[in-house]
Amino acid sequence: MGTSQIISSAFKRMYQAFGPQDWWPGDSPLEIMVGAVLTQNTNWANVEIAISNLKKEKILSLKALKEVNLNKLAKLIRPSGYYNIKAKRLKNLINFIFSEYNGSLKKMFLEPDKNLRKKLLSVNGVGKETADSIMCYAGKKTVFVIDAYTKRIFSRLGICKKDIEYDEIQGIFCKHLKERYQLFNEYHALIVNLGKNYCKPKPLCDNCPLKGIINGKCKVN
DNA sequence: GACCAGGCACATC
DNA sequence: GATGTGCATGGT
């Protein structure tokens, strides 16, 4: 079974099992961007607590995030972990939006994809996954997001090594999939769903949608 | 109490 | 270029 087949069959199985995901969980592009930073190496449940704190304090707007004191911000996002660093990272991102785009997300997303990615990556605290998540889920751009689950699942399926470089595995997915926004959006979301529920460091075999995907050679199960 | 979670920057070799 | 480390909380 070739890489192309594995990639398309994995999508079908996950979609069949989980249905449409309609990602990202968040009410606005800004909330999605904040979530993208806060979820760095962190359980989403913790991020939700942090975001609800921001909402409660009415800090979840560009203007409020720009004006809020760094220590206060850190305190509010504390449940998401790494809160001192993440407070700075959020500030860096907000400052970037104001200095480059006059505080307009609309303007920011008008930037051509390649330029925008490069500029996002220049912000301290925004790496490849965060930049791509922002572009795909906040900006609705056709970008395939890679994360730890993607590497874990697809290395277990045998299409790559578990420590494959971000750009390399991203290139594999782009090469084997039609370049469609809905597909890229949905595929990554399904991967996270599968990762959370079945593809832990210790795989949970029963009922995994990918069980037996490649003639018993599947190490997801 | 150990392990885990939707990374990233930075130091060192 | 490759590898190691700090950052931290809340759930299982």
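Which element supplies the largest share of the surface near DNA strand B? Helix H9 does, with four residues. Here a residue is near a strand if its C-beta atom, placed from the backbone, lies within 6 Å of it.

A word on the ground rules comes first. This is a predicted model, with local features needing pLDDT of at least 70 and side-chain atom pairs counting only at pLDDT 80 or more, while totals for chains, interfaces and linings use all residues. Residues are numbered from 1 along each chain as its sequence is written, and chains are lettered from A and ligands numbered from 1 in the order in which they are written.

Chain A turns out to hold 12 helices and zero strands (helices are DSSP runs of H or I with at least four residues, strands are E runs of at least two, and numbering starts at the N terminus). The radius of gyration of chain A is 18 Å, close to the 17 Å that the globule rule gives for 221 residues, so chain A is as compact as a globular protein of that length. That radius is taken over C-alpha atoms, and the rule is 2.2 Å times the number of residues to the power 0.38. Along its principal axes, the C-alpha trace spans about 55 × 35 × 30 Å.

Chain A splits into domain 1 (3-22 + 145-197) and domain 2 (29-138), with bounds that come from an automatic or database domain assignment. The two C-alpha centres sit 25 Å apart. Six residues from domain 1 and five residues from domain 2 make the contact, where two residues count as touching if their C-beta atoms, placed from the backbone, lie within 7 Å. On the domain 1 side there are four nonpolar, one polar and one charged residues. In this scheme Ala, Val, Leu, Ile, Met, Phe, Trp, Tyr, Cys and Pro are nonpolar, Asp, Glu, Lys and Arg are charged, and the others, Gly among them, are polar.

DNA strand C is surrounded by 13 residues, and the closest are Pro 79, Gly 81, Tyr 82, Asn 84 and Ile 85. Two or more residues come from each of helix H3 (44-56) and helix H6 (83-101). By class, the surface near DNA strand C has six nonpolar, six polar and one charged.
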